[in-house]
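Subject: A structure for you to look through

Dear colleague,

I am passing on the structure below, and I would be glad if you kept it open while you read the notes that come after it.

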Amino acid sequence: MTSVITLLTDYGLEDGYVAACHGVIVGISPESRIIDVCHLVPSGDIRRAAAILAQTIPYLPAGVHIAVVDPGGGSRRAVAVEAGSHVFLGPDNGVLSWAVHASGGARAAYELTNEDLFRKPVSPTFHGRDVFAPVAAHLTVGRSLAELGPEISLGRLVSLPAPTSLVREGVVEGEVLSVDRYGNTQLSVGARDLATLGVRPGDTLAVWLGRRRISVPFRETYAAVAPGELVAFADSAGLVALAVNSGDASQRLGLPPGAHVRLSPAP
């Protein structure tokens, strides 16, 4: 098993929660290489965490990937899911599902029930430290997936609904997938979807936000427009994002995650 362990949480950086997870891992597996994916996921935002992990996993080495964003505070069963060259650990609330799909789909899944692999006592509100961190560390030092607990039918795993994107009659329909710390609003619409409509950088998009229609320049970067101006561009994940140069598109447009959006070439 690889020595790489990654961490994605909504723990923030103001407290010692992340350090505690690191400490537990290193105490069991001193040779582990730990990669912090993100710890600033908005509290309880499962979709945002799922999007970050799915968009990051193609650039991460084979490893054990912990994602702990659980509004239920540890009420969900803890699972390990094997997909591609990765093992994903987290609550069974869908937070792993998009990354598992991006890794080729689940091959096997196990419920984490072997308490010999947990840190004791197990806090009911800090499974990241007491369950997921030690289990990940044990996997890197040779424990097998079968030792974690009973195998789960893959059909019983919780999955988030896949982001929607539909091209028809000269229009592509999608939704707000996530909003980053800059206020950039990432859509489920891919740059390839726009290409099928004949839209290229330098063109102008018609964007419907509910009943409101606005015209937005489609450029290669947000810096291609003047400060304060709205722009659409293909982000590093190949998805269309709406941004304001030196501003916050999310606040200006009032688009929460999941909001429906339509795009088409401007007339």
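The notes below go through the sheet and then some of the salt bridges.

Please keep in mind that this is a predicted model, in which local features need pLDDT of at least 70 and side-chain atom pairs count only at pLDDT 80 or more, whereas totals for chains, interfaces and linings use all residues. Residues are numbered from 1 along each chain as its sequence is written, and side-chain values use heavy atoms, with hydrogens and water left out.

Six strands form an open sheet with mixed pairing, in the order β2-β1-β3-β5-β4-β6; strands here are DSSP runs of E with at least two residues, helices are runs of H or I with at least four, and both are numbered from the N terminus, while two strands pair if DSSP finds at least two bridges between them. At the edges lie β2 (33-38) and β6 (106-111), each of which pairs on one side only. Strands β4 (residues 78-83) and β5 (residues 86-91) run antiparallel and are joined by six bridges, and the bridge partner of V81 in β5 is F88.

The count of salt bridges (a side-chain nitrogen of Lys or Arg within 4 Å of a carboxyl oxygen of Asp or Glu) comes to seven. One of them joins R77 to D92, with the closest N and O atoms 2.8 Å apart, and this pair links the loop between β3 and β4, where R77 sits, to the loop between β5 and α3 (97-102), where D92 sits, 15 residues apart. Another salt bridge brings together the side chains of E82 and R107 (2.8 Å, N to O); because E82 lies in strand β4 and R107 in strand β6, the pair ties together parts that are 25 residues apart in sequence.

Best wishes
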